[in-house]
There are 2 protein chains.
Amino acid sequence: MSSSVINPESLAQKLADSGLRNTPQREVVYSALLTKRDHPTADEVYARVRSDISSISLATVYNCLEALVQCHLVRAVNFERGPTRYCPNLAPHAHFHDEATGATFDIDLPSEILSKVTSILPPGYDAEAVDIIFRGKTTGTR
Amino acid sequence: MSSSVINPESLAQKLADSGLRNTPQREVVYSALLTKRDHPTADEVYARVRSDISSISLATVYNCLEALVQCHLVRAVNFERGPTRYCPNLAPHAHFHDEATGATFDIDLPSEILSKVTSILPPGYDAEAVDIIFRGKTTGTR
DNA sequence: CTTGCGATTTAGAACCATTACAACTTGATT
DNA sequence: AATCAAGTTGTAATGGTTCTAAATCGCAAG
Ligand SMILES: [Mn+2]
Ligand SMILES: [Mn+2]
Ligand SMILES: [Zn+2]
Ligand SMILES: [Zn+2]
């Protein structure tokens with residue numbers, strides 16, 4: 001489970017599409033994001049990948065995450081002051097941030113809702129992306 | 001226009017409701033937010049209020065902004081890594097961030113749209129707040 | 001193969017927004 | 001006037017991120 005990328009070829013391909021090389025570091029960083037669908041910080045990713053490549057540096061983790069964001073395999077998420085979080089879920093989705101636990105959940109975002117949201121924009125506003133963030137508590141069964 | 005609070009009494013009242021005192025510093029900080037409806041950072045607020053109270057410190061600006069957030073007169077907004085921005089618009093609204101200029105605009109958010117958005121939450125997710133952030137470019141007439 | 005060379009990695013310094021701290025001030029209450 | 005808590009101030013500390021310069025890597029030309 002730990003050091004295998006789900007789909008190494010598509011990673012290399014996506015990187016190449018953005019003029020970037022594939023490297024072992026980029027593979028393990030991407031893998032660390034895929035194997036656990038939380039929204040880890042750079043530090044948390046660093047902690048995970050050290051078991052794969054013990055010599056990897058935090059600077060490299062930042063570099064790799066930036067590379068993955070640049071080739072659109074990963075989204076950087078900022079919903080509060082504090083470390084940036086990284087999300088490998090490419091499907092359109094909103095985020096739910098549990099204030100009590102700090103956990104972040106992906107919430108499926110139907111395209112019909114997305115287009116309703118975008119429709120509130122007056123002419124002259126050309127949106128390339130929409131972020132929707134819920135804050136609250138999660139309760140009971142989920 | 002610069003050093004007059006729109007409604008000093010309601011400010012004092014809201015502060016009192018949260019067990020906080022009114023002070024000249026809190027008045028000018030709040031005023032600085034109201035007189036220009038952009039979404040300034042603490043540093044930008046600091047620059048503005050120095051002409052009202054030249055001895056005010058940056059720490060106090062942070063303290064005042066926190067007090068205003070705490071009594072719900074101001075919202076702290078974070079949509080990217082970088083300094084927190086402050087918004088005195090209490091009406092439900094989304095934000096549009098112009099990536100080219102860095103400017104942030106308030107977008108009116110009809111309650112009907114807001115409830116549609118909230119409806120995507122599965123049971124067990126109890127949202128207290130929703131943030132909607134558009135990113136893109138503003139063009140032509142607006 | 002070797003060598004050349006740009007891309008990548010690395011450790012550590014620098015940076016910057018924010019928070020913590022301790023001394024000082026203010027102003028309401030006795 | 002003396003007291004006391006809340007607020008302000010300058011400055012130090014913190015923490016996440018970016019910068020820098022020196023190694024290292026890996027493809028490509030010779
Ligand atoms: Mn949180
Ligand atoms: Mn921006
Ligand atoms: Zn996500
Ligand atoms: Zn706003």
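Q: Which residue in strand 5 of chain B is the bridge partner of A:Val130?
A: In this predicted model, the bridge partner of A:Val130 in strand 5 of chain B is B:Phe134.

Q: What makes strand 5 of chain A and strand 5 of chain B count as paired strands?
A: Pairing requires at least two bridges between the strands, and here 13 bridges join strand 5 of chain A to strand 5 (residues 125-138) of chain B, the two running antiparallel; the strands therefore count as paired.

Q: Why is the link between B:Glu128 and A:Lys137 called a salt bridge?
A: The closest N and O atoms of B:Glu128 and A:Lys137 are 3.5 Å apart, and the term asks for a side-chain nitrogen of Lys or Arg within 4 Å of a carboxyl oxygen of Asp or Glu, so the pair qualifies. The count between chain A and chain B is 4 salt bridges.

Q: Which element of chain A gives the most to the side that touches chain B?
A: Strand 5 of chain A does, with 14 residues, while strand 3 (93-98), strand 4 (104-108) and helix 5 (111-118) are among the elements that each supply at least two residues. By class, that side of chain A has 21 nonpolar, 10 polar and 10 charged residues.

Q: How much area do chain A and chain B bury between them, and which residues of chain A lose the most?
A: The two chains bury about 3,300 Å², 62% of it on carbon and sulfur atoms. In chain A, the residues losing the most area to chain B are A:Arg81, A:Ile120 and A:Tyr125, together 19% of what that side buries.

Methods: Residues are numbered from 1 along each chain as its sequence is written. Chains are lettered from A and ligands numbered from 1 in the order in which they are written. This is a predicted model: local features need pLDDT of at least 70, side-chain atom pairs count only at pLDDT 80 or more; totals for chains, interfaces and linings use all residues. Side-chain values use heavy atoms; hydrogens and water are left out. Buried area is the accessible area (1.4 Å probe) that two parts lose on being put together, summed over both. Helices (H or I, at least four residues) and strands (E, at least two) are DSSP runs, numbered from the N terminus. Ala, Val, Leu, Ile, Met, Phe, Trp, Tyr, Cys and Pro count as nonpolar, Asp, Glu, Lys and Arg as charged, and the others, Gly among them, as polar.
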